Amino acid sequence: MRISLQLLLILVFAISSACGGDLEVLLKLKSSMTGARDSRLEDWDSSRESTSAHCSFSGVACDGGNRVVSLNVSAHNLSGSLPPEIGLLNNVEIMILASNNLTGRIPVEMANLTSLKILNISNNLFMGNFPGEIALGMTSLEVLDIYNNNFSGPLPTELENLKNLKHLHLGGNYFSGRIPDSYSNIQSLEYFGCNGNDLSGKIPAGLAQMKQLKYLFLGYYNSYEGGIPPEFGSLTSLEVLDMAFCNLSGQIPVSLGQLKHLQYLYIQMNSLSAAIPHELSGLISLEFLDLSINQLSGEIPGSFCKLKNVTLIHLFKNNLSGRIPACIGDLPNLKVLHIWGNNFTSELPENLGWNEKLTHLDVSFNRLTGPIPPNLCKGGKLSEFILMNNFFYGPIPEELGNCKNLTKIRLQNNRLDGTIPAGIFNMPASTIIELNNNNFSGELPSNMSSNALELLELSSNGITGRIPPAIGNLQNLKTLLLDRNRFYGEISEAILNLKFLSGINLSTNNLSGAIPPSISNCTSLTSLDFSRNSLNGEIPSGIAALKNLAFLNVSENHLSGQVPSEIQYMLSLAKLDVSNNNLSGRVPSSGQLLAFDDSSFSGNPYLCSPHNISCQSPVNSNQTSNSRHSYRGWQSIQKLTVSLITVCLL
């Protein structure tokens, strides 16, 4: 009965198509996908008299009988849905509706499109179960791409009958359940993707029967049971194997080393364990290797020296240990080496960078030691240089100061010493320089110029000299952290003219002089810390112009005068510390100042906190100064008197 209805349906559609032609079908299609007043597909117009007018519509191609054989309206920003009449285009061989906003369900009438070779409806909003039965008559279908829609339910099993299918992409949907074992019967497949779904169960080992397969994508958001089938080592035509982020466990099969044509191996973000098989050195065509974020242990196999074509190695966030093989530096095409978050020890290979192609190096959060190899930027292409949280010692090689493509320099938390090369501060592309928590000494260069630098952190070193006004040339600087060094002299006004500066910390140095009034120009500041220096003078009242300031610390200096009353209007201020200075007067007991307890004002003998109503204090700084002199004089007289009495008693 089902077969009879299907034949009747095909017959009705064929008669309708012969009678009405494809013009009416296309116009119906336009109406359903765009709406009556929509200007898209505007050249799909019925006003022309010619019987072949529709063959000149954009995206439409016809055969000699004016029948549509190709329909390509991808990326036309179409919305709406597909009408049942689409099944009347029964001569169409190519149908591409990709990258639109089409929604609704796929009409079962598409079963009539028996001439189709290519069906691409990817990157839309289609929903519901994918009607696999429409593919039963599409015996010529070579490409079926439904990637990135909202299809749900099980994967359609009917696809196993498509014996000419070469490209099958079911990824980016909400399919659930298992990958059907029967898919192994589609032995013509060269591309198979079901990544980015909600699939579960074991990965069928039978997929290894797809001997023509070149591209296999199974990962991302799927959650399989077990690991990588060892049988995949027989997919000798495979060029891409992507099984990332899909709950894989167990070991990496040694059989994968047989894939001589494999260029991409992505199995990151899983729970794979044990050692990296040295057999992977058999991947002689491999260019991209990503085993990161797993539970791998042991050492990097020394046989990896055979991977002469590899350009990217990602091994970060595992439990790997031991030395980095010296031959890694000999890999002629290596560009990216990311091995952070492991337990590697000893030194970096001295020849790392000699291939003149290295662009990204991140070995942070290990236990590496020794000096920094001088030739890391030999080719001038190094962009990211990240060695933080290790035990490197010695100076930064001067050669790295000439590496003009560097965008990130992150060497904090090591044991580096010496003077920082001047070229580091003149990198045209650098956005981050982090050298804090080392043993650097000497002075900063008097010339600095970088329009890209946003973060400069040199905290906790032994750098001395004056803070160079040239920092004011770093026009896009947002964060400046120079605390816990040995800087002396005054704070340059040039620094406080940086309009994008949001955080500045100059605490725990030997700075002197007054806080420049130009601090009011830093309207982007959210955090300011000048504490533990020898600053004097008054707190500038213009500081209240910093409407975004949340943290203000000027404690442990020699500041005098009153706390500016304007601070009470700084509603953004969440932390204030003016303690241990020579401030005097009464702090206004209103506004934002009431939010801070007495500890924010302590250590100023003649300063009355906003919470101490009975406190009496000199009104101005002269009175304060005289009172202090009188107080100190009286203290001296008292001490002298006590001493005399003691002597007399003796």
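These are my notebook entries on what I looked up in this predicted model.

**Ground rules**

I number residues from 1 along each chain as its sequence is written, and my side-chain values use heavy atoms, with hydrogens and water left out. Since the model is predicted, local features need pLDDT of at least 70 and side-chain atom pairs count only at pLDDT 80 or more, while totals for chains, interfaces and linings use all residues.

**Entry 1: the annotated span**

I started with the record. UniProt, in an unreviewed entry, lists residues 230–367 as "domain: Disease resistance R13L4/SHOC-2-like LRR". I then checked the span in the model: 0% helix and 28% strand, with its end C-alpha atoms 34 Å apart. Helices (H or I, at least four residues) and strands (E, at least two) are DSSP runs, numbered from the N terminus.

**Entry 2: a sheet of strands**

Next I looked up an open sheet of 9 strands. Its order runs E15-E17-E19-E21-E23-E25-E27-E29-E31, with parallel pairing. Two strands pair if DSSP finds at least two bridges between them. Which strands stand at the edges? They are E15 (249–250) and E31 (439–440); each has a single partner strand, so one side of each is left without a neighbour in the sheet. I followed E15 to its partner E17 (residues 271–275), and the two pair in the parallel sense over 2 bridges. Glycine 250 stands opposite leucine 272 of E17.

**Entry 3: two positive phi angles**

I also noted two loop residues. Isoleucine 293 is not a glycine, yet has a positive phi of about 50°. Its loop runs between strand E18 (288–290) and strand E19 (295–298). Isoleucine 293 counts as partly exposed at 32% relative accessibility; for these labels, buried means under 20% relative accessible area, exposed over 50%, and partly exposed in between (1.4 Å probe, protein chains only).

Asparagine 437 is not a glycine either, and has a positive phi of about 55°. I found asparagine 437 in the loop between strand E30 (432–434) and E31. With a relative accessible area of 33%, asparagine 437 is partly exposed.

**Entry 4: the largest nonpolar core**

Then I went inside. In soluble globular proteins, nonpolar side chains tend to be buried together. A nonpolar core here is a set of buried Ala, Val, Leu, Ile, Met, Phe, Trp, Tyr and Cys residues joined through side-chain atoms within 4.5 Å. The largest one has 171 residues, and Phe192, Leu218, Phe232 and Phe385 touch the most other members. Helix H1 (2–34) and strand E2 (68–72) each supply at least two residues of this core. The largest share, 5 residues, comes from H1.

Not counting residues up to four places away in sequence, phenylalanine 232 touches residues including Ile203, Leu218, Met243 and Leu259. Contact means heavy atoms within 4.5 Å.

**Entry 5: two serines**

Is serine 600 buried or exposed? Serine 600 is buried, with a relative accessible area of 6%. Its place is in the loop between strand E43 (582–586) and strand E44 (606–608). Leaving aside neighbours within four places in sequence, serine 600 is in contact with Leu576, Asp577, Val578 and Ser579.

Serine 140 lies in the loop between strand E6 (125–129) and strand E7 (143–145). At 29% relative accessibility, serine 140 counts as partly exposed. With neighbours within four places in sequence left aside, I list Leu116, Lys117 and Asn164 as its contacts. I also checked serine 140 against glutamate 299: 159 residues apart in sequence, and 50 Å apart in space, C-alpha to C-alpha.

**Entry 6: aromatic pairs**

How many aromatic pairs does a search of the whole structure find? There are 11. Rings of Phe, Tyr and Trp (its six-membered ring) pair if their centres lie within 6.5 Å; planes under 30 degrees apart count as stacked, over 60 as edge-to-face and the rest as tilted.

Phenylalanine 126 and phenylalanine 151 form a stacked pair, 6.4 Å centre to centre with 15° between the planes. The pair links distant parts of the chain, with phenylalanine 126 in strand E6 and phenylalanine 151 in strand E8 (residues 150–154), 25 residues apart. Phenylalanine 126 is buried at 0%, and phenylalanine 151 is buried at 0%.

Phenylalanine 316 and tryptophan 340 are stacked too, 4.6 Å centre to centre with 10° between the planes. Phenylalanine 316 is buried at 11%, whereas tryptophan 340 is partly exposed at 25%.

Definitions and conventions
UniProt positions renumbered as here; feature names shortened; annotations may be inferred.
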